[in-house]
Amino acid sequence: MKISYFYRFSFRTQLAITFGIVTFVVLVTASLIFGFWFVRLHQASIQNELQARVHAASELVMQSLKDRTAEIIDLSRTPDLLKSEDAIAQLQDRMNNKRALKSEYAWMGVANPDGKVITAAGKMLLGKDVTSRDWFKVGRTATWLGDVHEAVLLSRLLPRENENEPLRFIDIAAPVQNTKGELIGVLGAHLHWSWVTTLAESVLPEDASVREIQVYILSRDGVTLYPFADTGKISFRQNEDLKNSATEIVWSDSKAYVTAQIGLPQTPEQHLGWRVVLRQPVEVAYAPLKTLALQMIVLTLAMAICAAWLAYRVAAFVNAPIALLVQAVQRLGVDTNQVDVPKRLPQELRTLADAIQIASTDLTASRQELVEANEMLERRVEERTRELELANDALARQAMTDGLTNVANRRAFDMKQSELHALSARTGQAYGLLIIDVDHFKQVNDNYGHHVGDQVLAAIASKITASIRTTDFVARYGGEEFAVMFYPVTTPDELAEVAEKLRKNVSQFTFSTVGHVTISLGGCMISGGSIDRESGLKFADGALYQSKLAGRNRYTLA
């Protein structure tokens, strides 16, 4: 179209054509830029989501395996674990309780150095020879975390969750040694493989089935370990690199998937080489992009047409009156509050002109009101800030207090012991630690109910608190156990005096409903410069164990 011919059109038509073309070009350009940006953003969002979820799954599985391994190691290092028949019976009770509380444990047991199972949870596999098992071979000398496998003997003794799948397990084992460091047995545990897969599945979103997001667990060689339907298959083509990333990969079924994968971190106990993988079909993951592209095309054309039509309609009415109104606005507030507004204006612009004149008159008053409002807002912000600080302080105190006994909780105990340990290391003065256990507390719960047990714990906590100095520290250590720390302590007699006072005050107190309840105590003096904090805890815990072996209702100092 020639420019001279273009000027033959009316102003309204010129404005409509120009505005329509410019709007269309701008919208198309903006749509392309936005579309490209949105596609990249959506792809990155999907990949980042899958990578974040697979990372969470890997961390959850790894941490859970570390926790279970730590439990087995701690149990294997229990003093005098296999010293006598009573000790073996107590060990079996502990294994029964652990298996009852934690469903992931399919089997727990101890084999003697000759490979014969001498005790086990539920007495399963008792007397069986396990010398050919990997967990026993390696567990004789080191901690062992084994790969997933089937166990024929154990599978016969356990119910199946799915009749179409065999029971599979992973093994954890640790050596049991006497005080001389000699091997006296191997403690082993079989954990359900379904527990590991459930942990991995737990990171999936609620709509995972709709979005077709799946979890895979692969061996170090890329062989599928989970799900069972693909077990033993190579999931990726041979030319695909395994790496900790999220990208599009063609799987062995020749379909492309957005795939996120990460390997379990290697530790001295864990070198399985598993990889956790999340995948989602590309066509499902990027399906919203097709809909968006069509919507953007339709929207662009509609907006261009509407813009041209709107320009054509308003051009004649807006251009000249707006120019006059702009001149009046430019004079607003320069010399006077009165503005000479043109008389011949459309009614809409006339109303706007009157509003501008009124606004000019009220401008000064509005500014003053704004200043006052800002000052009031600042005062309110200060008040809310103070209230928030008080609320945060209250929450912090609540987070460090045991809700049942109203004494410090385990978290506060750990922080306080770290503080006392550091202080002891600096000053060279020891601090005292007593670990207290309520004797036969399980009988209280069984005979009177847990609500009465809770009342007894609260009363004992109150009695302990009343029996020590205000500068001393008492905390609920866990379950029916309490811990008391005081600083400084110069002689064992001081520690013994406090322990006897606590034992006596509790034993002489008459509890409503229950009557008399006794406690056993174990304690030690801890010098921060000589031993670490965890060793001090083990000494006190060992002393408590001796008090219980000696008949309870007494104290023992390490």
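## Exercises on salt bridges and a nonpolar patch

At 25% relative accessibility, Asp-414 counts as partly exposed, a value that belongs, like the others below, to a predicted model.

**Exercise 1.** Find the partner with which Asp-414 forms a salt bridge, and decide where in the structure the two residues lie.

Solution. Asp-414 pairs with Arg-410, and their closest N and O atoms are 3.3 Å apart. Both residues belong to helix α11, which covers residues 410-427, and they are separated by 4 residues, about one turn of the helix. Arg-410 has a relative accessible area of 35%, so this residue is partly exposed.

**Exercise 2.** Work out which parts of the chain are tied together by the salt bridge between Arg-68 and Glu-104, and whether each of these residues is buried or exposed.

Solution. Begin with the contact itself, in which the closest N and O atoms of Arg-68 and Glu-104 are 3.2 Å apart. Arg-68 lies in helix α2, whereas Glu-104 lies in the loop between α3 (85-101) and β1 (105-111), so the pair ties together parts that are 36 residues apart in sequence. Next compare the accessibilities with the cut-off, since buried means under 20% relative accessible area. Arg-68, at 10%, counts as buried, and Glu-104, at 9%, counts as buried.

**Exercise 3.** Describe the salt bridge between Glu-71 and Lys-102, and state how each residue is classed by accessibility.

Solution. The side chains of Glu-71 and Lys-102 meet at 2.1 Å, N to O. This pair links distant parts of the chain, with Glu-71 in helix α2 and Lys-102 in the loop between α3 and β1, 31 residues apart. Glu-71 has a relative accessibility of 16% and therefore counts as buried, while Lys-102, with a relative accessible area of 23%, is partly exposed.

**Exercise 4.** State how many salt bridges the structure holds, and name the residues that are linked in a network of them.

Solution. The structure holds 16 salt bridges. The network links Glu-49, Arg-53, Asp-207 and Arg-211.

**Exercise 5.** Identify the residues that make the nonpolar surface patch, and find which element gives the most to it.

Solution. The patch, of about 620 Å², is made by Ile-21, Phe-24, Val-25, Val-28, Leu-32, Ile-297 and Leu-301. Two or more of these residues come from each of the elements α2 (11-76) and α9 (287-330). The most is given by α2, with 5 residues.

How values were computed: Residues numbered from 1 in each chain as written. Predicted model: local features only at pLDDT ≥ 70, side-chain atom pairs only at ≥ 80, totals over all residues. Heavy atoms only, no water. Patch = residues over 30% accessible without salt bridge, like charges linked within 9 Å, V, L, I, M, F, W, Y side chains within 5 Å. Areas by Shrake-Rupley, 256 points an atom, 1.4 Å probe, with all protein chains shown as cover. Salt bridge = Lys/Arg side-chain N within 4 Å of Asp/Glu carboxyl O. Buried < 20%, exposed > 50% of the residue type's maximum accessible area, 1.4 Å probe, protein only.
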